[in-house]
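User: Please take a close look at the packing of helices in this model. I would then like a connected account of the strands and of some residues in and beside them.

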Amino acid sequence: MEKIVKAEVMWPTTTLAIHLKDSRELNAGLARIIREKEQEILGKHKPTLVAGIKQGLTAYWLEFNVLNWDYPEIAEFRKIVLDGIRETFKVQGQNPDDPGMQIVGISCWANVLRYGEFLEVHHHDPSYISGHYQVQTGYGPGEAPDESEGGQTVYFRPGFLDRSHGGKAAGQTSPWDDDWRVSVTPVEGKLFFFPSYVRHEVRPYLGKHERISIAMDIFVKKQEALMYFGGPRWFVPGKVPTPARRAMPVGK
């Protein structure tokens, strides 16, 4: 009798990290734009509770899309993101040119965390993949990361939170539980993509400056998501956005 042995992987947690060298100028521009937009957005809309955040720019994530903003720095960042998404599809074993992998919508928002702020454990289902880019760590310019200042992103192993109840309900400890989470110190210029079902959190930030990041959720055609990818929340590749144009800075 012939025996066929084949290794198969179910629900792999494939991620992709892209580190941008010499990104200081781009990050400075992105930080400036986000601060300007923060004041504008907070004055026009109402917040929506998300990941424990009741106020601040993150709570307005349904009201804007960073990729639609009309700035040269955003245009550069947009290209980096779209190229990164294609690379993520490839490492997943997907063909980025397959019709089913066509991007039908990207939700993209900015997070500005100040002293004492944090994001509670959450995930980004039902999107296909999610990502975030570190614009500013909040550590002082030129200073090495200090873990005591917090702000780390912690990723939890899929399934761990579902089966762990704590205390007596937790049962016998698994020998694999030493690997149940990964804590990552923020690095400016790092773009990171991961499956949207991966739960994660941002530990309380205790730094001197603002911790600024850009997050995104990507939906593809094969998901057949029953969603309307229109309005201020969404960026659709190939569709020309029509945001209000910015006023040019004095002297520019």
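Analyst: A crossing is called left-handed if the near helix is turned anticlockwise from the far one by less than a right angle, and right-handed if clockwise. By that rule, H1 passes H2 in a left-handed crossing. The model is a predicted one, in which local features need pLDDT of at least 70 and side-chain atom pairs count only at pLDDT 80 or more, while totals for chains, interfaces and linings use all residues. Residues are numbered from 1 along each chain as its sequence is written, and side-chain values use heavy atoms, without hydrogens and water.

Helix H1 covers residues 24-42 and helix H2 covers residues 72-91, and the two pack at about 115° with their axes 9 Å apart (axes are fitted to C-alpha atoms, for helices over the stretch in contact; angles run from 0 to 180 degrees between N-to-C directions). H1 is therefore roughly perpendicular to H2 (65 to 115 degrees; under 35 is roughly parallel, over 145 roughly antiparallel, the rest oblique). On the H1 side, the contact (heavy atoms within 4.5 Å) is made by Leu 26, Gly 29, Leu 30, Arg 32 and Ile 33, and H2 contributes Glu 73, Ile 74, Glu 76, Phe 77 and Ile 80.

Among the strands (DSSP runs E of at least two residues, as helices are runs of H or I of at least four, numbered from the N terminus), E4 spans residues 129-136 and holds Gln 134. Gln 134 is buried, at a relative accessible area of 8% (buried is under 20%, exposed over 50%, partly exposed in between; 1.4 Å probe, protein chains only). Beyond its neighbours within four places in sequence, Gln 134 touches Asn 27, the run Pro 186, Val 187, Glu 188, Gly 189 and Lys 190, and also Arg 211, Ile 212 and Ser 213.

Gln 152, in the loop between E4 and strand E5 (153-156), is likewise buried, with a relative accessible area of 9%. Although 34 residues separate Gln 152 from Phe 118 in sequence, their C-alpha atoms are 9.5 Å apart.

E5 belongs to an open sheet of four strands, ordered E3-E8-E5-E6 with antiparallel pairing (strands pair if DSSP finds at least two bridges between them). E3 (119-122) and E6 (181-184) are the edge strands with a single partner each, so one side of each has no neighbour in the sheet. The twist averages 10° from one strand to the next. Within this sheet, E5 and E8 (residues 200-202) are joined by three bridges, and Tyr 155 stands opposite His 200 in E8.
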